[in-house]
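Biologist: I would like to go through this model with you, one question at a time. Please show it first.

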Amino acid sequence: MPINTCDRVTPFHPLHAARRLSVAVVALVLALVTVAGAETELVFWNFWDQKFITPVIQKFEALHPGVKIRSEQLNWGNGLDKIVVALANDRAPDICELGSTWTGKFMSEGVLLDLTERVSDLRDQYHLWEPAIWEGRIYGMPWLVGTRVLFYNRGLFKAAGLDPDRPPSTWDQLLAAAKTIHQPEKGLYGFGVNAGEGHILYKKFLPFVWGNGGSIIDEKGKFCFDSPATREALEFYRRLMVYGLKEKQDILDDAFKRGRLGLEISGSWNFAKYPKEAPDLDFGTALIPAPAADRGTSSSFLGGEILVLFRNCRDPQLATEFIRFLTRAEHTLPITKEALVSFPANKEAFADEFFTKNPRLGVFVKQMETGVHPPVHPLWIELESIVNDAVEKVLYGGSIDEVLGAAATAYERVSLQFEERKRAVSPSAVPSDGQAVQAVPAAGLPGWAILLLALIAVGTVVNAILLVFIYGEVKKNAA
Amino acid sequence: MSRTESAPATGAPGPATASSPRSRRAGPVLSAFLVLLLLSYLYPLLYMVARSFMRFEPGMAASGVGFTLEHYRTVFGGAGFLQYVLNSVFVLAVVVVANVFTSVVTGYAFARFRFPGRSLLFGLVLVTLMVPKQTLMVPILDLVVRLGLHDSLWALILPFCVDSFNVFLLRQYIAALPADLEDAARADGSGEFGILRHVVFPLCRPALAVVVINTAIVTWNSFLFPLILTDSAARRTLPVGLAMLTQGPFSTDWGTLMAGSAVSSIPLILLFWAFQREIIDGITAGALRE
Amino acid sequence: MKAAGQAEPYRSGASGRAHPTHKAGYALLLLAPWILTFLVFWLYPLLFSFLLSFCDYDVFHAGAFRWTGLDNFTRLVSDARFRQAFGNTLFFVLGTTPVTTVLALALALLIERVRALQGLFRSAFFLPSIISMVVIATIFKSFYAPDGLLNEICSVLGLPRHAWLVEPAWALPVIMAMDIWSSVGYYMVLFLAALKSVPPQLYEAAEVDGAGEWAQFRHITLPQIRGMVLFIIVINTIRSWQVFPEIFTLTRGGPLGTTDTLVHRVYEAAFRYHEMGYASAMAWVLFAVIMALSLLQMRILQEKNR
């Protein structure tokens, strides 16, 4: 990261000035707060019901007198929006939970604190380090990890004459099983094909590419989605789709619950629902099928939650201690046991009988070993939608050649734009580790702020006069 | 006094009533049609209420459902529920009262006065209605922080004390009113504020009822601004609190969402009941026209 | 200029003349609360967003602005997704606004004639407007599911079943149907308010002259409520152009971008791709379209009236 932030050669314009002022004001306030507050307070943004978080914080605060962690909940639908708006205003929290597919962008933009020295000793004890590492440095702690496996309805398997104890382990077997079960006229469907919603399909399709030896970005950082491996996977998916129900994830899960769907790729959240709402549903889980018995591997989407410290973190040492504390197995297991959406990243947790005594959950643990995290890349969000678009177009009958061609062109355009922006902004405009604050010249109030203050003052006076006037008139009329 | 006959009375100029100013009436066929329409129209909402009480009975995977209060327990038992409601009510009350005042005053000025730059100013009223708010989030948080309003309920109140929709509505409404009464009052020597207070304001009551209801709906259901402009649970409004409660990383808790929205729509329904007669009956038609 | 500002009193004979210019000071006094709120809270965000549309702005580095002139706008022209979203939104506006307005007026006229339980009717039809769009969308999501209500109705009527929100041909139309359902009641109440302000003597006089129902509607009702009609059409158009929560809840623009709308594009650009400058450019293009349309509507509807 370049440190020479003081000599930015960006021309002056009003937005800039407004922005610098904001940085200065925030810095000033922060300075005052740090001086004034004897007690250290750290703000922690996360997405979970506070009943999981508060007890851990209380324990931590008891161990660290004078420390206060303020936990604030974000909602899953718009949490990232809030983080981004806060970040743009230099008001990011000290500690934050980030989805593992977001970290590529955050790390490459240099807005996170480098934790390499503070957490590398834990490398062997946790899953999911990949999305916390950028250019060899560690920027976060894995907290929760989740994957997807193949769900199959044992009852429908039996009814269709398939062996429920031998779920499909290859593409051909998967196709055959889906074909045998699929009877749409009876309301029975073979395989659940995700469609109709953005940002999900790729999680269900990419495992077929990964298992077949393909990828999206190669070691040299080049876009390599258009490969024989991808083409095979797309062709297979297209054949599989014929024996499938094309719907959204929650509708597929629901169809599976009602015993209408033979096979689907889904996540552990179903364990929170199926046993309660459909106790008679006889289902099993299995690893996602490999291309063939002698070729390829079983692969799946791997994702999770990473705890990071933003650059403006007020006490990195303490914050690191907190996230190390929070990610311990005993503090993470309660979330898993109740919400069942993801598992602890801490490997110790898997010794718990919650996992060892439930074979269906055991499949998840096993799948995690071969699971693949999507590329940790500054342009992952763009890549994700390119991949998603491509698969979706094939689903709706697009030609594979055309679709992959369009994907390559789209990537070309996005990366060109990215390079151009990097050239225009770097090297000086990318501040690191709070240097930006010092780079702000001690300028006076910019014009608009003075104007604003003046207007508020004038406005108050005018309003006061107005009120007096009205009062007078009303009185006069009443008389 | 109101009429009782249901057949069209040909040309009998009876006393007009507020509830049915005309001699034309709906026959039984029309009424029956409306009732049918009403039922199909309400079905989705009945579904919402029903779903909020539904529990999926173990052992009946396909269709069996049972009755439960579990979702309501989740809503009411959620930490801070009462706080969210109080916050929402406070914001709602202040914003609504402020808008009643500001919409009349502003609408009156736009409808009745000629002054330089009027078109330009009215254009600005429309601008705030037309620009998607998503692009304003970054600067507005900046502004709110500088004004010292961040994480305070006033951040959800002050910017919304004058609403463009309401100003537009009142401008249209006042422009359509005959100016005779104002002129008469002026001729009687009333001051300008007296006219506003005693002539215009009462005439605007139906439109103001719309302002109350509209502002209440928008404010009560507002989500993006409360989400961005406040942080702590103590300042959270009901929609944001419910979003935290019902949204999961990969799914939505339907039952709780339905229970939550049923609960949160009750105040608005009451408010609508209270003000709807004002909208319709506020003007005793004819009385003010002559 | 004149079209936007001139508030023509529609009642011929009523002396709704605007006051002379020497009252300008008083008018500005009346406008003070609005002007203040606008200056303090909205001017800066609006200007910021406007200037941003000519910039490349890196959300991750608060200080990094880069003036790019018209780049964002030229990029819009070649952005296939934006063009598709524009087309979808236009389709949405053309498909919902007239239908909603006409249905709302028809419903208001019907309900006005009902004497028993009129309050119940009013409230019941208005109810959907009270519920937030996210909840309405969630309810309709279940109606549009494979085993949902709509498919059951189709089965009863002998029509083919569909995966409504997943088939590119159906996704947007069913969202439009939901939108019409949810907003008709709101505009109906506004129409009712306007209808109630029509002096009944006018109808009585017309009936004496032997005017039929249609003639009464055409020559008395419509001219009398023209102000409200204008308001409803303009507001409805503005809102339809900004359709977003239903898209965000139901489809996020899928399948194949057939339900992508302009504000959804703005949202994605701003919060998903973090391109605030580009998002602002889109927002202001949308603004220009809506503003132009509103001015046009006001001009047409007001001129007709003279």
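Biologist: Which domains does the assignment give for chain B?
Modeller: This is a predicted model, in which local features need pLDDT of at least 70, side-chain atom pairs count only at pLDDT 80 or more, and totals for chains, interfaces and linings use all residues. Residues are numbered from 1 along each chain as its sequence is written, and chains are lettered from A and ligands numbered from 1 in the order in which they are written. Domain bounds come from an automatic or database domain assignment. For chain B they are domain 1 (24–68) and domain 2 (78–288).

Biologist: How many residues of domain 1 of chain B are in contact with domain 2 of chain B?
Modeller: The C-alpha centres of these two domains of chain B lie 31 Å apart. Two residues are in contact if their C-beta atoms, placed from the backbone, lie within 7 Å. Domain 2 of chain B gives six residues to this contact, and domain 1 of chain B gives five.

Biologist: Which element gives the largest share of that side of domain 1 of chain B?
Modeller: Helices are DSSP runs (H or I, at least four residues), as are strands (E, at least two), numbered from the N terminus. Four residues on the side of domain 1 that touches domain 2 come from one element, α1(B).

Biologist: How many residues does chain B bring to the contact with chain C?
Modeller: Chain C brings 88 residues. Among the elements of chain B that give two or more residues are α1 (28–52) and α12 (254–281). The number from chain B is 92.
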